[in-house]
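Please open the model in a viewer and keep the sequence beside it.

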Amino acid sequence: MKELTPDKGFTEEAFWNARPLLMRIKLIASKTRKSPHAILGWLMVWMLTRISYETTYVTEVGKASLNMLFLMSAATGGGKSAARKVAQDNFVFQDLGLSCPSPVQAGSGEAIPDSFYVRVKQINE
């Protein structure tokens with residue numbers, strides 16, 4: 001595998017040509033006119049859902065978890081959901097039967113709490 005560093009010609013083109021999977025993502029993004037970065041982000045999130053939370057990797061200072069944050073931001077109609085749909089339609093994960101998780105789509109900051117709690121009726125209600 002070719003090492004990509006600033007002194008060895010690291011460019012966006014070199015990144016997308018570094019591996020067959022990245023080349024496929026770039027090609028599909030080009031054909032569907034969606035962002036390859038957004039498609040790659042969705043695929044990375046879905047891959048992490050298939051790895052046990054107990055899985056770690058070794059660093060110079062010890063074990064570390066595989067935490068990841070993926071944020072996609074764009075105006076309405078900017079292609080966020082469309083990129084997710086392209087990723088779902090063009091990439092299949094062959095694993096233990098786990099399906100792609102449904103993303104939480106709050107819609108606005110005011111709706112975010114609805115994703116994390118359920119109202120429970122009180123006894124007197």
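Two residues are in contact when heavy atoms of theirs lie within 4.5 Å. The model is predicted: local features need pLDDT of at least 70, side-chain atom pairs count only at pLDDT 80 or more, and totals for chains, interfaces and linings use all residues. Residues are numbered from 1 along each chain as its sequence is written, and side-chain values use heavy atoms, with hydrogens and water left out.

**First stop: the whole chain**

Display the chain as a cartoon. Four helices and two strands are present, and from the N terminus their order is α-α-α-β-β-α. Helices (H or I, at least four residues) and strands (E, at least two) are DSSP runs, numbered from the N terminus. Of the contacts between residues at least 6 apart in sequence, 53% join residues at least 24 apart.

Next, switch to a surface view. The accessible surface comes to about 10,100 Å², with 57% of it belonging to carbon and sulfur atoms; such areas come from the Shrake-Rupley method with a 1.4 Å probe, and for residues only the protein chains shown count as cover. Buried residues make up 18% of the 125 residues, where buried means under 20% relative accessible area, exposed over 50%, and partly exposed in between.

**Second stop: the core**

Select Ile 25, Ile 39, Leu 43, Trp 46, Ala 87 and Phe 91. These residues have the most contacts inside the largest nonpolar core, which has 16 residues. α2 (20-32), α3 and α4 (80-90) each give two or more residues to this core, and the largest share, six residues, comes from α3. A nonpolar core is a set of buried Ala, Val, Leu, Ile, Met, Phe, Trp, Tyr and Cys residues joined through side-chain atoms within 4.5 Å.

Now centre on Ile 25. Which residues is Ile 25 in contact with, leaving aside its neighbours within four places in sequence? They are Trp 16, Pro 36, Ile 39, Leu 40, Leu 43 and Phe 91.

Select residues 56-59 and 62-65. These are β1 and β2, which run antiparallel and are joined by four bridges; strands pair if DSSP finds at least two bridges between them. A hairpin of two residues connects β1 to β2, and Thr 59 stands opposite Gly 62 in β2.

Select Ile 51, which lies in the loop between α3 (36-48) and β1. Ile 51 is partly exposed, with a relative accessible area of 35%.

Conventions: Buried < 20%, exposed > 50% of the residue type's maximum accessible area, 1.4 Å probe, protein only.
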